[in-house]
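I opened this notebook to record what I looked up in the structure. The entries follow the order in which I took up each topic.

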Amino acid sequence: MNDNELKALISLLDDEDQEVVEHVEQRIRQMGGQMIPLLETEWEGSFNPALQKRIEEIIHDLQYESVLDRMRDWKNGGAMDLLEGLWIVATYQYPDLSLDKLKQDVEQLFYDVWVDFKTDMHPDEQIKAMNSAFFSKLKFAPNTKHFHSPANSMINQVLETRRGNPITLCVLYMLIAKRLNLPVYGVNLPNLFVLTYKNSSGVQFYINVFNRGLVFTKKDIDQYIDQLNLKRLDTFYQPCTNADIVRRVLRNLTLAFEKNGDTERVREVEQILNAVRDDGDGLPLSDYTQR
């Protein structure tokens, strides 16, 4: 069908015959995301609130299906690009968000840090330099005032406001560190997401980005886990996967919508979470915790 035929099809959404409307809507949904620009044009030219609402619902559903498809493809493709995974999450609320623009923004952060960074520094000094750049120069900080806001799980919003929750701040810190060739990885602690510095020489310590890059040790994690009366699982000490990180971001987003009483969005985000789960596997304990 050419554009004129597609526009004619969309115009039938305003037909008086409900059967015609249902058939047309089904046909549009089958055609998928390619219909969104034409639907938006029809919405803009309409003065019928009922028709506009119907179009809004169709557009939302098409965009949502697109998010699900991208998330499945990302996961099935090996979940190699962490920033892409966070971009897919953000497109749930910002469907026009550009991945290339996100990559440019993160690359700029890297250059802002790189100019003051020396590669021959000791690991402790490297993290001190990272902390200084991330918190003082780039002005990133915890969003303690609106901790459970959905915006804290949207990587584009965190880049714009420089405020986030533990996991999104950790992701940006880690992406910059990776570009600096630092061996920094995410760690799924219960109730708190942190980073670990772990190099091939056996040096390993941990970084609490939500507390301005506070460095701590395995012994500190032991004490933390013991206080929670939990078993000391290996996952609490070792690097997690990109898929683990995206799952945890989605769990945080679910909690944010639960606190807002938005049950429909809770249902939709849970479906996105299902798309990135490992087949036949339950989530580890740390994935059910927030932050």
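This is a predicted model: local features need pLDDT of at least 70, side-chain atom pairs count only at pLDDT 80 or more; totals for chains, interfaces and linings use all residues.

**Entry 1, a nonpolar patch.** I looked up Tyr111, Trp114 and Val115, which form a nonpolar surface patch with about 330 Å² of accessible area together. I noted that patches are made of residues with over 30% relative accessible area and no salt bridge, with nonpolar side chains (Val, Leu, Ile, Met, Phe, Trp, Tyr) joined within 5 Å and like charges within 9 Å. A salt bridge here is a side-chain nitrogen of Lys or Arg within 4 Å of a carboxyl oxygen of Asp or Glu. Areas come from the Shrake-Rupley method with a 1.4 Å probe, and for residues only the protein chains shown count as cover. I placed Tyr111 in helix α6, residues 99–114. Tyr111 counts as partly exposed because its relative accessibility is 39%, the classes being buried under 20%, exposed over 50% and partly exposed in between.

Residues are numbered from 1 along each chain as its sequence is written, and side-chain values use heavy atoms, without hydrogens and water.

Of the 291 residues, 47% count as buried. The C-alpha atoms fill a box of roughly 70 × 45 × 35 Å along the principal axes.

I found a negative surface patch formed by Asp14, Asp15, Glu16, Asp17, Glu19 and Glu22; Asp and Glu count as negative, Lys and Arg as positive, and His and the chain ends are not counted. I located Glu19 in helix α2, residues 18–31. Glu19 counts as exposed because its relative accessibility is 65%.

Where does Lys231 lie? I found Lys231 in the loop between α10 (218–227) and α11. Lys231 is in contact (heavy atoms within 4.5 Å) with Ile225 and Phe236, leaving aside neighbours within four places in sequence. Lys231 is exposed, with a relative accessible area of 66%. I then turned to Asp262, in the loop between α11 (242–259) and α12 (263–275). Asp262 counts as partly exposed, at 28% relative accessibility.

How values were computed: Helices (H or I, at least four residues) and strands (E, at least two) are DSSP runs, numbered from the N terminus. Buried means under 20% relative accessible area, exposed over 50%, partly exposed in between (1.4 Å probe, protein chains only). The place of a charge is taken as NZ of Lys, CZ of Arg, CG of Asp or CD of Glu.
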